[in-house]
Amino acid sequence: MRNLLLFLSFLINFSIQSQELTCQVIINSNLVDQTNQKIFKTLEVSLNEFVNNNSWTNIDFLQNERITCSFVLNLTQYNADLFEGTLQILSQRPIFMSDYDSPIFNFLDKDIKFKYEEYQPLFYNSEAFESNLTSIFSFYIYLILALDADTYSLFGGQKYIDEAQKIVNLSQQGGKGWNQNDSNRNRFWLVDAIRSNSYKEYRQTLYDYHRKGMDFLTDDPLSAKKQIMFSFTNLEKLYLRRPNALPIQIFFDAKSQEILDIFSSGPKVDFENTYILLNKVAPFFASKWKQINY
């Protein structure tokens, strides 16, 4: 009887655990001169379990509410227990009344360096630095949660951004990528820009673009397109203050192809002013804007 009660207790506790992500972690070791690939597969399995099996919030996510995301770790060097490479992070969000997932975050981290021994347990400690590997992945998980929440309610992801900032503060000993002097496009500056009031228009745009625009694209595509166009005026305000602001680059790294697709099909809108605006705030995607058939 006691064993049965313990088993039932386990099932109840397991059922209320909240997994927030449906995430795929891929390890690419093609550039590493290593005959035995087993450690890379072990690492891939461990990271998938770490990301998907942990509860990162106190919110119960239904199966269809989980955030779809991926991490692609491209290894460039491996020696003993030291790994180096780059990490591509992508997250998406479902659009109401459709089977379409809209890209929210698409970022390449070039400062990946960590130690890992095969079968080493991976866990997240919110109060202390445990390893560079778990800190890097935990940081991006909270950033994904933050930006996803921002698309549903204005500045709704603040507590997750604060958690990502906390990880940066605790990880200063972790080496390259955590320090403000390393580069101008690393984890330190990424979370600093997103949480800064100086760049608030980026988060305002995430909300206006998705919750007021994309979520109505199926039901009322003409009004949705107009709202999406209006959301770009937030980025124009940011551009006028900080022309090279990192959040502007982050937004269009994720959204440029989607913008091309949205305004090249469906009901036509007066796009000329928006075309001029996009070329002003995101000239690095001028070739995409030229392809928009409006």
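Q: Are aspartate 215 and arginine 93 buried or exposed?
A: Aspartate 215 is buried, and arginine 93 is buried too. A word on the ground rules: this is a predicted model, in which local features need pLDDT of at least 70 and side-chain atom pairs count only at pLDDT 80 or more, while totals for chains, interfaces and linings use all residues. Residues are numbered from 1 along each chain as its sequence is written, and side-chain values use heavy atoms, with hydrogens and water left out.

Q: Why does aspartate 215 count as buried?
A: The label buried means under 20% relative accessible area, exposed means over 50%, and partly exposed is in between (1.4 Å probe, protein chains only). Aspartate 215 has 1% relative accessibility, so it counts as buried.

Q: What makes the contact between aspartate 215 and arginine 93 a salt bridge?
A: The term asks for a side-chain nitrogen of Lys or Arg within 4 Å of a carboxyl oxygen of Asp or Glu. For aspartate 215 and arginine 93 the N to O distance is 2.8 Å, so the pair meets the definition. Aspartate 215 sits in the loop between helix 6 (200-213) and helix 7 (221-241), and arginine 93 in strand 3, so this pair ties together parts that are 122 residues apart in sequence. Helices (H or I, at least four residues) and strands (E, at least two) are DSSP runs, numbered from the N terminus.

Q: Which residues are linked with Asp215 in a network of salt bridges?
A: Arg93 and Arg211 are linked with Asp215 in that network. Aspartate 215 and arginine 211 meet at 3.3 Å, N to O. Arginine 211 has a relative accessible area of 24%, which is why it is called partly exposed. The structure holds 14 salt bridges.

Q: How do you know that glutamate 44 and lysine 41 are about one helical turn apart?
A: They are 3 residues apart in helix 2, which means a separation of about one helical turn. The two also form a salt bridge, with the closest N and O atoms 2.7 Å apart. Glutamate 44 counts as buried because its relative accessibility is 13%.

Q: Why is the span of helix 2 called close to the expected one?
A: The expected span is 1.5 Å times one less than the number of residues. Helix 2 (residues 38-53) has 16 residues and reaches 22 Å from its first C-alpha to its last, against 22 Å expected. Its buried residues, including Phe40, Leu47 and Phe50, pack against strand 1 (21-28), strand 2 (67-79), strand 3 (82-94), strand 4 (101-115) and helix 3. Here contact means heavy atoms within 4.5 Å.

Q: What makes a space a cavity rather than a pocket?
A: On a 1 Å grid over the protein atoms alone, a cavity is a set of points where a 1.4 Å probe fits but cannot get out, whereas a pocket is an open set with protein on both sides within 12 Å along at least five of seven lines; lining residues have an atom within 4 Å of a point. The structure holds 1 cavity of 30 Å³ or more; the largest cavity has a volume of about 70 Å³. Among the residues lining the largest cavity are Phe123, Glu130 and Leu170.

Q: Which residues lie nearest the centre of the largest pocket?
A: Ile59, Phe61, Glu65, Asp148 and Tyr152 do, out of 20 lining residues. Helix 3 gives the most to this lining, with 4 residues. The largest pocket has a volume of about 360 Å³, a volume being the space filled by probe spheres set on grid points, which are joined across faces, edges and corners.
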